Amino acid sequence: MTGLQVVILAAGQGKRMNSDLPKVLHPLGGKSLLTHVVDTALKLNPEETPIVIYGHQGELLRHRLADLNVTWVEQKEQLGTGHALKEALPHFSSHDRVLVLYGDVPLISFETLQKFISSTPLPALGIITAKWGNPAGFGRVVRDQDNQVTHIVEEKDASESEKNISEINSGIYLISVSDLKKWLPKLTNSNQQKEYYLPQIVEFAVAEKKTIAAFLCPTLEETLGVNDKAQLATLERCYQHKQATKLLNQGVTLFDPSRLDIRGEVVVGRDVTIDINVIFEGKVVIGNQCTIGPNTILRNVILGDNVEIRANSLLDGAEVGNHAVIGPFARLRPGTTVSSHAHVGNFVEVKNSLIGEYTKVNHLSYIGDSEIGKKVNIGAGTITCNYDGINKNKTIIGDEAFIGSNSSLVAPIKIGAGATIGAGSTITKDAPANQLTVCRTLQRTIETWQRPKAKNKETE
Ligand code: UD1
Ligand code: CA
């Protein structure tokens, strides 16, 4: 957007969070409060990178969010929201207008901001307000008999009648740079909190007979701030509700929209069904006709079509092909590819491995650093011994091999195509294709052995 500069105020400590973490680093839907606001700001395509005013635990903040595409401006002492914006003054030059956002008001949407900006005429002071049944904690918007905004009063400075005003100040403003240059140096701190309040600019605008364009936000939660953990929890639910609604609108069946948590981004195909208590993290791509069972976690996962993820499975950094079945109680770790029509069953852990098409690893196995061909059957309890204490070694199993139950395959090792491994074998050398390899002591029966007999107490 031409002529627009965004400033995000994020220097406050957030005392009411009762936490060692700076407030704006607390996660909401898997990303920090500040990242939400920056992402929304960037969607507006401002002329320059957004400015973040930071202060409290600045080093930690900048370190954790080093990837953010922002200009960091330090506010050494937190003397109030007006003082915070003043720190950005040297960075405003050619820009027409400044949009002020808050690092602790994370749900403000791109759509609302767009409407706000386009409905605020250039010389006016724009301000987003909202009407709350319970406005406690917010600054209140005071209007005169003609319904014109006269000023904003903070709760701590408000009279009893002012406290009854339900229209609140969201703290989001659109101000021309020329006005800011005039007004910011004039702010005073003669109030209850001895802070330089940014809302004081409203009084300056009124004194200059400037238009105050108050934009009433239609969706209340967008104006909600996070000041304590209860508000963070409330906003997390708002956010998740919105995410779930988006999926429902795309045709996903959710057995209970309130028991789904999305901490990242989800892309879904058609006719996907999601059971209860599911968590998606990172980037999750789900193909058509997939079913996701209850109590599952999918983190950075790509599923093909017709995949079935059964209950209580954890998939992390894995790719699963069409018609594959995973779980119940399966764990796929990073670097795992399960090819189409394959099955990974209960209490099976797979790491950094390729499971070929139609292959089955159905029970109680560990498959690590392996390449397993097509139509292989891995018997219950099979373990790839991939780690010698120093190195990770590879196991390669050819197509249509059959690994008997409870086998240990000591890597590095190759099992040829069509090979059969006898149950209970500890395989330490490569096994040839199409033959039975078995490595266990031979079974013998001792004919002369007799079971000891219990002494009969009565005959003693
Ligand atoms: C502020 C507004 C209030 C509004 C509310 C909406 C003022 C004086 N009050 O109150 O009218 O209803 O937001 O959420 O502006 N910050 C700094 N430096 C500072 C002080 C604050 O960067 O010196 C940042 C904080 O990190 C936070 C934001 O500004 O992101 C708001 O500060 P906060 O102290 O939470 O203000 P509120 O009391 O919520
Ligand atoms: Ca706040």
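1. Basis. In this predicted model, local features need pLDDT of at least 70 and side-chain atom pairs count only at pLDDT 80 or more, while totals for chains, interfaces and linings use all residues. Residues are numbered from 1 along each chain as its sequence is written, chains are lettered from A and ligands numbered from 1 in the order in which they are written, and side-chain values use heavy atoms, with hydrogens and water left out.

2. Backbone contacts of ligand 1. A polar contact is a pair of N or O atoms within 3.5 Å. A polar backbone atom of Leu 79 is 3.3 Å from an oxygen atom of the ligand. On its own, ligand 1 has 750 Å² of accessible area, of which the protein covers 90%; areas come from the Shrake-Rupley method with a 1.4 Å probe.

3. Elements around ligand 1. Helices (H or I, at least four residues) and strands (E, at least two) are DSSP runs, numbered from the N terminus.

4. The largest pocket. Ligand 1 takes up the space of the largest pocket, in the sense that more than half of its atoms lie within 2 Å of the grid points. A pocket is found on a 1 Å grid over the protein atoms alone, as an open set of points where a 1.4 Å probe fits, with protein on both sides within 12 Å along at least five of seven lines; lining residues have an atom within 4 Å of a point. The largest pocket holds about 1300 Å³ of space, a volume being the space filled by probe spheres set on the points. Its lining has 41 residues, with Arg 16, Lys 23, Thr 81, Asp 104 and Asn 227 nearest the centre. The lining divides into 14 nonpolar, 18 polar and nine charged residues. β10 gives the most, with four residues.

5. The second largest pocket. About 590 Å³ of space lies in the second largest pocket. It is lined by 24 residues, and Lys 43, Tyr 239, Lys 242, Gln 243 and Lys 246 are the closest to its centre. The largest share, five residues, comes from α8. The lining is made up of eight nonpolar, seven polar and nine charged residues.

6. Backbone features. Most residues other than glycine have a negative phi, and most peptide bonds are trans. A cis peptide bond joins Gly 327 and Pro 328, with omega about 5°; Pro 328 lies in the loop between β21 (325-326) and β22 (330-332). Another cis bond links Ala 411 and Pro 412, with omega about 0°. Asn 18, although not a glycine, has a positive phi of about 50°.

Key. Polar contact = N/O pair within 3.5 Å; in protein donor to acceptor, adjacent residues only side chain to side chain. Nonpolar A, V, L, I, M, F, W, Y, C, P; charged D, E, K, R; others polar.
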